[in-house]
Amino acid sequence: MAGTWKALNTQPSFNASTMLLLTDGSVMVHQDATNQWHRWTPDPFDPMGDYANGRWTTLATMPNLPPDTKSGTTNAPLYYASAVLNDGRVFVAGGEDNGSIAVRGPGGAGNNAQLLSAQIYDPVVDAWTAITTFPNGWTQIGDAPCCVLQDGRILLGNSSTTTGTQSTPTIYDPVAGTWIPTGAKNDLPAEETWTLLPNGTVLTVECTSPPNVERFGATGWTADAPTVINGVAFTLPWPPPVGGNEIGPAILLPGGSVFAIGGGATTLLYTPPPPPQLNVPPVTTGSWSLGPILQSAAGAALFGADTPACLLPNGLVLCCATSVIIGTGAANSVYFFEYNPATNTLTAAPAPPNAGNTLFSSRMLLVPSGQVLFANGTQDIEIYTPAPGIVGSARPAIEAAPSRVVPGFSYRLNGTGFNGVSQAVSFGDDATSATNYPIVRLNHLASGHVRYGRTFDHSTMGVATGETPVETTVEIPWEMESGAIQLIVIANGIGSNVAEVEVVQVRSLRHWMVANGKTVTAPLLPQLPASGVSLNALLPA
């Protein structure tokens, strides 16, 4: 059974584009082709936590670019790399075109600005910081692919069509503020889709050299099995001149395989190599098998180039396709599907009212409620509620949490599966909105209010971590009412077991300390650590 669509109850007053899930449960939304971002905060008074209800606030504008005679100083990217970092900050880099779509040339050619820019947004203080140094030889980033690695660093490509150092991918360390070369790659990274695998490597199908495939890991870029099945080569990128080597999304599935959508009607499944075993020769490459064909009910072949996809909590994948390849200007229709890994089939799903007749400007985002937000460059965001059900192996588990907390202070949580089994959201080089990090939901039992604590300093940014112990830190919001709450860790829309926690307000903490034998020798507030410091020692379980 397919899910259902409905509109946000308060629609944006701007054209909504890329959406990113902040670690406090709110959604950061880019105003299409401008330097402006906005935040959608879910309504805490909705006891169901439905993301259709909430409010908009406007965030700080991105920093200006260095003077540039071609694109000006206003930093207004159209398509670019983006990621939420281990500490909850947001990384944004590059940009294909700069400025309003309205000023793009005939046929959507754009002003052809390939921006060399990068910046980090801190949602705690609502401020951007420009990154002012770039990898040696780089002259542009443009619409670059990117992926946050297990250790929290960012693997970044660029849109350059020139071989050499100018197009070699690099790693950005957001803690040290440095760029680290990755070593040579077999082809250009432009237009590629990068997918993080459970072993920490990053899978990509080469867009300029199909059917070749690469993975990035600790030793750099290495060749993987090409997209060849039973001696037949399948080309996932749609070749130029019409498609420009465009490709579709690639989603890591709960079972460990990757569902890869091509620029045309072809979809394929990648199975990674098995883990090393004692006294068994190692297998270093994966394998490919056929997925279902993207086609209309009448059997017409469709195109998956530059479309989003999202892994749903029930294990299905919401995806879409068009009847005409992008950029041709012909009349177009859009189609939505749910992919079922168990049966390797596509089933038609309803299209949202804002789908229009193009999908290259569309974006999906999985939110903690298990719903999917869909934007398409208009003042209309629709929300998809999938059919019930979750993948049991994808459920996070809390193993240690404080029994008492104070609003405004932070606490360490321990458990398993906090990052989910997948990055969950995929598009390609034009937009990256992965959600493989923990979100903490706080249900107040007496009032029914639902709030989210800001998480940061996750022990890993990997996926499908299984039974490996993981940790994160959560800050309890100042607005949290006193009394009993249920603390739940959410990964890719799937909630953990419940930790029963008591919220103690600062005004009553001194009385609690006295009642529990604590020595109070001075006014309480000077004894409290600064915000962001753990109170676990002060409030023992």
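**Salt bridges, strands and backbone in a predicted model**

Good morning. I begin with a lysine: Lys185 has a relative accessible area of 13% and is therefore buried.

What is the partner of Lys185 in a salt bridge? The partner is Asp187, and the closest N and O atoms of the two are 2.4 Å apart. Asp187 is itself buried, at a relative accessible area of 9%. I shall return to this pair after a brief overview.

The protein has 541 residues, of which 57% are buried. Its secondary structure consists of two helices and 40 strands. Of the contacts with a separation of 6 or more, 58% are made by residues 24 or more positions apart. The accessible surface amounts to about 20400 Å², and carbon and sulfur atoms account for 55% of that surface.

I now come back to the charged side chains. The count of salt bridges in the model is twelve. One of them joins Glu502 to Arg404, with the closest N and O atoms 3.5 Å apart. This pair links distant parts of the chain: Glu502 belongs to strand E40 (residues 499–503) and Arg404 to strand E32 (residues 404–405), 98 residues apart. How accessible are the two partners? Glu502 is partly exposed at 37% relative accessibility, and Arg404 is also partly exposed, with a relative accessible area of 21%.

A further salt bridge is formed by Arg454 and Glu475, whose closest N and O atoms lie 3.6 Å apart. Arg454 is in strand E36 (residues 450–456) and Glu475 is in strand E37 (residues 470–475), so this bridge ties together parts of the chain 21 residues apart in sequence. Glu475 counts as buried, at 17% relative accessibility. As for the opening pair, Lys185 and Asp187 belong to one network with Glu192 and Glu214, joined by salt bridges that share partners.

Asp173, in strand E12 (residues 170–173), presents another case.

Let us turn to the strands. Strand E29 (residues 372–375) is covered on both faces: Val372 and Phe374 are buried on one side, Leu373 and Ala375 on the other. In general, side chains in a regular strand alternate between the two faces of the sheet.

Which strands pair with E29? Strand E28 (residues 363–366) runs antiparallel to E29 and is joined to it by four bridges, with Arg363 opposite Ala375. Five residues separate E28 and E29 in their hairpin, where Gly370 has a positive phi near 90°. Strand E30 (residues 381–385) is likewise antiparallel to E29, through four bridges, and Glu382 of E30 stands opposite Phe374. The hairpin of E29 and E30 also has five residues between the strands, and Gly377 in its turn shows a positive phi of about 75°.

Within it, strand E7 (residues 90–98) and strand E8 (residues 118–122) pair over four bridges in the antiparallel sense; Ala93 has Ala118 in E8 as its bridge partner.

I close with the backbone. Pro210 and Pro211 are joined by a cis peptide bond, with omega about 5°. Pro211 lies in the loop between strand E15 (202–205) and strand E16 (213–217).

Which residues other than glycine take a positive phi? Among them is Asp306, with phi near 50°, in the loop between strand E23 (287–290) and strand E24 (309–311). Asp306 is buried, at 4% relative accessibility. Asn492 is another example, with phi near 55°; the loop that holds Asn492 lies between strand E38 (483–491) and strand E39 (494–495). Asn492 is likewise buried, with a relative accessible area of 8%.

Thank you for your attention.

Key. Residues numbered from 1 in each chain as written. Predicted model: local features only at pLDDT ≥ 70, side-chain atom pairs only at ≥ 80, totals over all residues. Heavy atoms only, no water. Buried < 20%, exposed > 50% of the residue type's maximum accessible area, 1.4 Å probe, protein only. Pairing = 2+ DSSP bridges. Contact = heavy atoms within 4.5 Å. Areas by Shrake-Rupley, 256 points an atom, 1.4 Å probe, with all protein chains shown as cover. Salt bridge = Lys/Arg side-chain N within 4 Å of Asp/Glu carboxyl O.
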